[in-house]
Every structure is written in C-alpha cells, then in structure tokens.
Amino acid sequence: MNLTEFLPCENEKPLDRIVSDGGYCGILRTVGCIGDSLSSGEFVSLGEDRINHYHDFYDYSWGQYLSRMAGNKVYNFSRGGMTAKHFAECYGEECGCFDPSKVCQSYILALGVNDLVYQGFAVGSGEDIHPEEPEKNADTFAGYMGRILSRVRQISPKSRIFLVTMPQSDIEHEQKAAEKQAALMHEIATLFPFTYVIDLFRYAPVYDAEFRRNFYMTGHLNACGYLLTAKMIASYIDYIIRHNMDDFTQIGFVGTPYHNMDYKW
C-alpha cells in the first residue's frame, strides 16, 4: 500500500488528482449545499412554444452526485434564481437550512452568479461583514454572504465551510463578475473559522465555447456538466482535507457535545 496517495503531495494543485469515490469527502457525513440553479441540477426545456422553461432536477445536482460518490447525506438548500440576499432574508428559513433537524457538519456555498451577473448587486468587501453582529452588515453581496455564514456558524459552530468561486468565462461581463466574486470569497474565508475556498476561478477549466458545447444546455449545465462539477468539488475538498489534516481530525465530533482537547478544535 502506498500511503502517500492519501497525504499531501509536493507541488500538487487542487485538481491535479480527480477522485471517483469522493475521496476524503466521505468524512463529511452531512453536507448542506447553499446555492442557485447551478447547485440544483437545473435543466432548461424548450418546446414548440419556443419559450425556455426552467426545472430544478435535484437528483442531477452536483450535491447529489457527491452524495452518491462519497456516501454522505447531502441537503440541497438551493433553488434556481437564488441570490445571497434572498437566501439571507427568507429562503434559508423556507428551505430548512436552519432547521435543527438538518444541521450539517459541513456547508458548501456557491452563490454569486445571479447576484453579480444578472441582478447587478454591489459586490462589497470584507469590511461589509461583522461576523458577530450580522445585523450591521452592509446591503451588498458581501454583507448578505456574511449574514448566511453567521447564521450557519450559529447553528453549527464547528462546521467546516467551503466557499465556491465562479469559474472563468470567455464572456466578458461574466468574467469580470467572476474575478470580483473570487477575490471576495478569499477575503470572506479569513473572517470565519474553518472556512476554505474551492477556487474554480483559478483551477477549473475556462467555461468557453468548447466547454459549453460539451457540458451545457441552454445556459445551464447538462447532466454531464453537473457530474463533472461534482468531481471537481469532491476532488478539491479532498485536496483541502489532505493539506489541512489537523483541521479535520475531530470532524466526527462536529454536532455532538464531545471534543478532544489534545487536538485542534
């Protein structure tokens, strides 16, 4: 047995090794996916009326692909068209994200497309976020993301949180929004404990015409695209865990009254 396959590799980049079984994602027994249509397995149908119709097929979401790969319980706290503002103000409650019976060991937040590309919300910065007093947050994308994270930390203080950046695009206005969102995710990660960035902007393939030809269907991912996304997210989390083993030693105690004072907590 080659134990080095399960430990950090020198000069390794996050998506150098693609896992097929979820890798160390398997230690995250409950995962909450907070996101929009791209987290919901949304497909676009087009009939004889020539009008696009949008459908959230959660079984095709990358979260449920991840669940089947790694064997964990994944909740889709997501919906097509979702923004950080709407989630913070009402949808988080409506979808059960903050329900005590659905508290998770880890959360994956993938928001920003609707906020920044389609709604044109102000991006804001880390200065808009007050982790201990979220009611003081500014009404910006950053401020609403901070409110979501503060609420998650309130219900699951030791949960591990992963912030997903938007991938690069060959469409100019999408690329500009993705660049701003990625920079903000790294800034936010410094404000909350046990918070990590899944940086698809830096490490995922560029979502260009060739990518869309294979993995898109009318502005959203197709089934292969959602599975590919699941493989990237699982592989990135596996990379994060292997490179931060001390942070995850006590993951089994998250959500319980127990801990081990001899290890990082």
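Good morning, colleagues. The model before you is predicted: local features need pLDDT of at least 70, side-chain atom pairs count only at pLDDT 80 or more, and totals for chains, interfaces and linings use all residues. Residues are numbered from 1 along each chain as its sequence is written, and side-chain values use heavy atoms, with hydrogens and water left out.

Let me begin with the whole chain. It has nine helices and nine strands; helices (H or I, at least four residues) and strands (E, at least two) are DSSP runs, numbered from the N terminus. Along its principal axes, the C-alpha trace spans about 65 × 50 × 35 Å. How does the radius of gyration of the chain agree with that of a compact globule? With 265 residues, such a globule would have a radius near 18 Å, and the chain agrees because its own value is 18 Å. That radius is taken over C-alpha atoms, and the globule rule is 2.2 Å times the number of residues to the power 0.38.

Of the 265 residues, 49% count as buried. Buried means under 20% relative accessible area, exposed over 50%, and partly exposed in between, with a 1.4 Å probe and protein chains only. The accessible surface comes to about 12600 Å², and 52% of this belongs to carbon and sulfur atoms; the areas come from the Shrake-Rupley method with a 1.4 Å probe, and for residues only the protein chains shown count as cover. As for contacts (heavy atoms within 4.5 Å), among those between residues at least 6 apart in sequence, 70% join residues at least 24 apart.

I turn now to the strands. Strand β5, residues 106-110, has five of its five residues buried. In a regular strand the side chains alternate between the two faces of the sheet. In β5, Ser106, Ile108 and Ala110 lie on one side, with Tyr107 and Leu109 on the other, and both faces are covered.

Which strands pair with β5? Strand β1, residues 30-35, runs parallel to β5 and is joined to it by five bridges, with Ile34 opposite Leu109. β6 also pairs with β5 in the parallel sense, over four bridges, and there Ser106 has Arg160 as its bridge partner. Two strands are said to pair if DSSP finds at least two bridges between them.

β6 in turn pairs with β7, again in the parallel sense and over four bridges; Leu163 has Val197 as its partner in β7. Five of the five residues of β6 are buried: Arg160, Phe162 and Val164 on one side, Ile161 and Leu163 on the other.

Helix α5, residues 172-189, has 18 residues and reaches 26 Å from first C-alpha to last, close to the 26 Å expected at 1.5 Å a residue. The expected span is 1.5 Å times one less than the number of residues. Among the buried residues of α5 are Gln181, Leu184, Met185 and Ile188. An α-helix has 3.6 residues a turn, so residues three or four places apart point the same way. The cover over the buried residues of α5 includes α3, α4, β6, β7 and α6.

Helix α1 has eight of its nine residues buried, including Trp62, Tyr65, Leu66 and Met69. They pack against β1, β4, β5 and α8. After α1 comes Gly71, whose phi is positive, near 80 degrees.

Finally, two single residues. Asn72 is found in the loop between α1 and β4. Is Asn72 buried or exposed? Asn72 counts as buried because its relative accessible area is 5%. A polar atom of its side chain lies 3.1 Å from the backbone oxygen of Cys25. Not counting residues up to four places away in sequence, Asn72 touches Cys25, Leu28, Arg29, Val31, Leu66 and Ser67.

Ser235 has its place in helix α8, residues 223-243. At 1% relative accessibility, Ser235 is buried. Ser235 and Pro14 are 221 residues apart in sequence, yet 7.2 Å apart in space, C-alpha to C-alpha. Leaving aside neighbours within four places in sequence, Ser235 is in contact with Pro14, Leu15, Arg17, Ile18 and Val19.

Thank you for your attention.

Terms used:
Polar contact = N/O pair within 3.5 Å; in protein donor to acceptor, adjacent residues only side chain to side chain.
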